[in-house]
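Student: I am new to this structure and would like to go through it in order. May we begin once it is displayed?

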Amino acid sequence: EEDPSKVSDTTREIYGEDRLRDYRPFVLPVLSSLLTYSRTSHYAIYMMTRYLLQIRQVKIARAVTLHWLSKMPTRFTAVRRRHCYRLLHLHLGYTMSGLKAHFDCREFVRSFLKQHPHGLRPTSSTLLLLLRSLSRARGDTTFHAIHLATGMSKKWGPSIIDTRVRRRIVS
């Protein structure tokens, strides 16, 4: 008869963070082979980026994303644009809180959008996720939030500020 504590440890090993770290030696070779092909699937890049973000390899995940984006054609279809936003928002969803993380995140968004300045522009969801990194920051976060929102509104138009963004700034 099995001890229930051992089953629980086994389950934790199978489904916990340890499982993610076990695959680390296999990820980088696969990743480098994926990036050599110009027609790598957006789904493969999304899953690889998500894995890298889960194991806290943010720099590598950002490099992979920017490299993949640089290989994309300059003409954007609605589907291709949606895939890019999904990938950008994945990065923003894994951002830590704090001013340093917020400014790092803003710099990443800037470099992401520079890859295709005519095909990509931030959405209100992008701004909302950027504001999320200010949630537990010290200091005057409202000032930073208003500064970010007004700056993006001037550059990208007033449609970037919706009710969700307004609510986030006020709270």
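Tutor: One definition comes before the rest: a residue is called buried under 20% relative accessible area, exposed over 50%, and partly exposed in between. Please also keep in mind that this is a predicted model.

Student: How many helices and strands are there in the protein?

Tutor: From the N terminus on, the elements run α-α-α-α-α-α-α-α-α-α. The count for the protein is therefore 10 helices and 0 strands, as helices and strands are DSSP runs.

Student: What percentage of the residues in the protein is buried?

Tutor: Buried means under 20% relative accessible area. Among the 171 residues in the protein, the buried ones make up 37%.

Student: What share of the contacts with a separation of 6 or more comes from residues 24 or more positions apart?

Tutor: A contact means heavy atoms within 4.5 Å. Of the contacts in the protein with a separation of 6 or more, the share from residues 24 or more positions apart is 69%.

Student: What distance does helix α7 reach from its first C-alpha to its last?

Tutor: Helix α7 covers residues 99-115, which makes 17 residues. At 1.5 Å a residue, 24 Å is expected. The model comes close to this, with a reach of 25 Å.

Student: Why do the buried residues of α7 line one face of the helix?

Tutor: The buried residues of α7 are A101, H102, C105, R106, F108, V109, F112 and L113. On the other side of α7, K100 and K114 are exposed. The buried residues line one face because, seen down the axis of α7, they fall within an arc of 165°.

Student: Which helices are included in what covers the buried residues of α7?

Tutor: The cover consists of elements in contact with those residues, that is, with heavy atoms within 4.5 Å. Included in that cover are α5 (58-70), α6 (78-93), α8 (124-132) and α9 (141-156).

Student: H144 is found in helix α9. Which residues does H144 touch, not counting those up to four places away in sequence?

Tutor: H144 has 19% relative accessibility and counts as buried, since buried means under 20%. Leaving out residues up to four places away in sequence, H144 touches L99, F103 and L134.

Student: How many salt bridges does a search of the whole structure find, and which residues form them?

Tutor: The search of the whole structure finds 3 salt bridges. In one, D162 and R164 have their closest N and O atoms 3.2 Å apart, and R164 is partly exposed, with a relative accessible area of 32%. In another, E107 and R110 have a closest N to O distance of 2.9 Å, while K100 and D104 meet at 3.4 Å. The answer is 3 salt bridges: K100 with D104, E107 with R110, and D162 with R164, as found in the whole structure.

Student: How far apart in helix α7 are E107 and R110?

Tutor: E107 is partly exposed at 43% relative accessible area, and R110 is partly exposed at 40%. In an α-helix there are 3.6 residues a turn, so residues three or four places apart point the same way. E107 and R110 are separated by about one helical turn, being apart by 3 residues.

Student: How many disulfides does the count come to?

Tutor: A disulfide needs a pair of cysteine sulfur atoms within 2.5 Å. C84 is buried, with a relative accessible area of 0%, and C105 is also buried at 0%. By the distance rule, the count of disulfides comes to 0.

Student: What is the phi of R56, which is not a glycine?

Tutor: R56 has its place in the loop between α4 (42-54) and α5. R56 is exposed, with a relative accessible area of 56%. Although R56 is not a glycine, its phi is positive, at about 65°.

Notes
Residues are numbered from 1 along each chain as its sequence is written. This is a predicted model: local features need pLDDT of at least 70, side-chain atom pairs count only at pLDDT 80 or more; totals for chains, interfaces and linings use all residues. Side-chain values use heavy atoms; hydrogens and water are left out. Helices (H or I, at least four residues) and strands (E, at least two) are DSSP runs, numbered from the N terminus. The expected span of a helix is 1.5 Å times one less than its number of residues. Buried means under 20% relative accessible area, exposed over 50%, partly exposed in between (1.4 Å probe, protein chains only). The arc is that of the directions from the helix axis to the C-beta atoms. A salt bridge is a side-chain nitrogen of Lys or Arg within 4 Å of a carboxyl oxygen of Asp or Glu.
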